[in-house]
Amino acid sequence: MPATAASGSQACVVEIRRVRKRFADLIVLDDCSLTAQEGEILTLLGSSGCGKTTLLRCIAGFLKPDAGEIRIDGRDTVPVPVNRRPVGVVFQSYALFPHLTVANNVAYGLKMRGAPVEEIRERVAKALATVSLSGFEERYPSQLSGGQQQRVAIARVLVLEPRVLLLDEPFNALDAKLRGSMQVELRQLIKRLGITAIFVTHDQEEALAMSDRIAVMRAGRIEQLGTPEDIFDRPQTAYVADFVGASNFWEARAASGQITLPSGQIVATKLDGDVSLLIRPHNLALSSAGGSAWNGRIISRRHVGALMEYEVEAGGTRPLRIAALRDVEAASLSTGEAVSINLRDPTACMAYPRP
Amino acid sequence: MRGSDWLDRLGIGALIGVALFSLALLLLPAVIVVIMSFDTRGYISFPPAGFTFDWYARLFNQPVLMGAMWTSIKVGVYVTVLCIALGVPTALACARGDFRGAAGLSVFVLLPHMVPGIVLGVAVLFAGALFGIGPSIWLQSISLAVYVMAVMVRTVMARLQKLDPLLEQAASNLGATRWQSFRTITLPLLMPAILAGAVFTFIEGFDNLSVTIFTHGYRDRPLPVELLTIVQNTNSPLVAAVSSVQILLAILALLAISATIGLDRVND
C-alpha cells in the first residue's frame, strides 16, 4: 500500500510510522509517527534528550530504528544504506571537508556518483550561485565566515537534488544577529526550491519563525504536531504551552464549564475540577490600582525589545508575567507599585487538568 | 604597575635563560661530535687541533661502513613500511573500532615501547627462532617494527581523535561508500600524522642499537652495530664522522617534514 496521504492535496514525501529506538535501557524514540508533505518545512522541536536528533539520524540512516517504518516517497528506507538515501543532511557543525576547496566540497557527492566532469562543473556553479557564493570556488572552508560555511554545507547537499533536506540545529554555530537573517534567507531558499525540509531545533522562536508545521517532542514522543499558530495559540498540553513562548499558569477551579478569575472575568472550559489556566503575558493588561478586582504589586520590570515585561505578585502560586507595549501608559508603571490586572481575551486561554 | 612590569621582565628573562640552557644541553653533544669529526689527529679529542675532511673521505672509501649504512637505510624503509601497513589500521581500530578490547589493543600495541630495547631484542630473537627466522635483516626489521609501532599508532590515533567523525558521516550522506570516504576524506586528513610517524620510524630503524644488537644478521651488519665495533676497537674520529652523517640524515628528515606538512602540524 502506498503511503497514506495526510489531509490536503499535497503528496506525502516522508512518512514515519511507529518508530522506536532505544540505547541500552534508555528509550529514546517511543512510537513516533509523523509525515512531511511535499515542499513543507517541518520542525522537530524539543529540549535536549527528547529524541529529535535521534529521529533525524534515523531518517538520514546513521541510526537504524528498532521498530517502525520510515518511508520516503512511499518506499521503506530502513533497509536502504546511508549512501543511497535521497536525503541531504546539513550538520550542526557543517562538517565541511577541511582539505577540499569550496568547489570540491560541493562537487563531492557528484564525484562519488561518477558524474561527468563537465556536468559536475555546471551543477557546482549553479549550486554555488543558488546560495550566492559564486567566486568562492577556490577558497578553503577555514577561509570562510560561519554564515558562508553554512551556505557551502547547504549547496553541498542541494547539488544532489535530494528529496528531503535534513537540518540539524543549523543556526547554533552562528551569532544571534546573523541567526535571524540566515533563518529568513534559508526559509526563502527552501521555499523557492520547493524542497521538503525537516529541521531540528531546541529554540522555539526559531521553530515558530522557520516552520510550516512543528512537531513538539518530549521523552521520545510527539507531544503535538501542528502549525506554528496551533502550537502557540492552542497548545494541547501544559508541556507544550510551557515550552513554546512565555506563559503563566494560573491555578483555579473549574465548575460547570466556567473558570472565574479574580477580576470576575470568566473563561469557558470543558474541564471540571482543578485546572491550570495558560495565560500568555501579552493577554494580561495592567492598569493602576482600582482598575479591576484583581489586584497585585509589581515585583520587577525589564526591557525586552519593544515590550516592557513585568513580574507581578497577584495571589497565585507564582508571580504573573505581564507584557506591555512600550508606547502605552502601562509601560511606565514602576517596581513596588500596586496595580490591577485584566484579562484581554478570555477565548485565548487554554485550560489543562491539574493532577 | 612599574613593579609588576619589572617582575614580568625578570620572569621572561629567566624563561629565556632556561630555554637557552636546555637548548644547549640538547645541541652541544651533537655539535661537539661534528666538530671532532674534522680533527686532524688520529684519535678522538676536544678541542680539535686542525681541520680536515680526511675522515669523511675515509668513511666513503670504506666498503664495510658504506655497506652497513646501506643496510640500515634498508632496515629503516622496511620498518617504516611495516609500521604504516600495520600501524594505521591498528590506530583506526583503536580509535574508531566498536568492539570489545579496543582499549586493551591500544595499550597492547604501546607495550613493546615501554620494555627496555635489550629485553625486547632478546624476546624477538627467541620468538624468531620459534618461527624459524634467525637473526637477519628481516628479523631486525620485524623486531624494530614491533618496537616503534607505538609511535605510528599513537601519532595516527592522536590525529584521528581530533578528526570530526561527522566528516565521514557527511561523506556517506553524500553518497560515498565506506572505502570511498576513507580514501577521499579520512586518509588525506591523516596524511600529516602518517608522514610524521614515518619519519620517526625510519630514524629508529636506521639508528637503533639496543634491539638491533640481538636481531641483526651477521652478514648484514647495520650501521649502529658496525659503529659500536669500531668504537670498541679504535679511537679514531671516523666514528665522529659517521655520527655526523647520521645527525645530518635526521636533520634532513625533519626538514623534509617541515617543508611538506610543517613541523607544527605533526602533533595536530
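**Stop 1: annotated spans of chain B**

Select residues 12–38, 75–95, 107–131, 137–157, 185–203 and 238–263 of chain B, which an unreviewed UniProt entry annotates as "transmembrane region". UniProt positions are given in the numbering used here, feature names are shortened, and annotations may be inferred rather than shown by experiment. This is a predicted model: local features need pLDDT of at least 70, side-chain atom pairs count only at pLDDT 80 or more, and totals for chains, interfaces and linings use all residues. Residues are numbered from 1 along each chain as its sequence is written, with chains lettered from A and ligands numbered from 1 in the order in which they are written.

Helices (H or I, at least four residues) and strands (E, at least two) are DSSP runs, numbered from the N terminus. Next take residues 185–203 of chain B, again 100% helix and 0% strand, where the end C-alpha atoms are 28 Å apart.

**Stop 2: helices 3 and 4 of chain B**

Select residues 63–96 (helix 3) and 102–114 (helix 4) of chain B; their axes come within 8 Å and cross at roughly 140°. Axes are lines fitted to C-alpha atoms, for helices over the stretch in contact, and angles run from 0 to 180 degrees between N-to-C directions. Helix 3 of chain B is therefore oblique to helix 4 of chain B (angles under 35 degrees count as roughly parallel, over 145 as roughly antiparallel, 65 to 115 as roughly perpendicular and the rest as oblique).

Show the side chains of Thr90(B), Ala93(B) and Cys94(B) on helix 3 and of Ala102(B), Leu105(B), Ser106(B) and Val109(B) on helix 4, which make the contact. Two residues are in contact if their C-beta atoms, placed from the backbone, lie within 7 Å. Five of the contact residues are nonpolar, two polar and none charged (Ala, Val, Leu, Ile, Met, Phe, Trp, Tyr, Cys and Pro count as nonpolar, Asp, Glu, Lys and Arg as charged, and the others, Gly among them, as polar).

**Stop 3: where chain B meets chain A**

Show both chains: 15 residues of chain B are in contact with 17 residues of chain A. On the chain B side, helix 7 (165–173) and helix 8 (178–207) each supply at least two residues. The largest share, six residues, comes from helix 7 of chain B.

**Stop 4: the domains of chain A**

Colour 12–239 of chain A as domain 1 and 246–353 as domain 2; these bounds come from an automatic or database domain assignment. The domain centres, taken over C-alpha atoms, are 39 Å apart. Five residues of domain 1 of chain A are in contact with six of domain 2.
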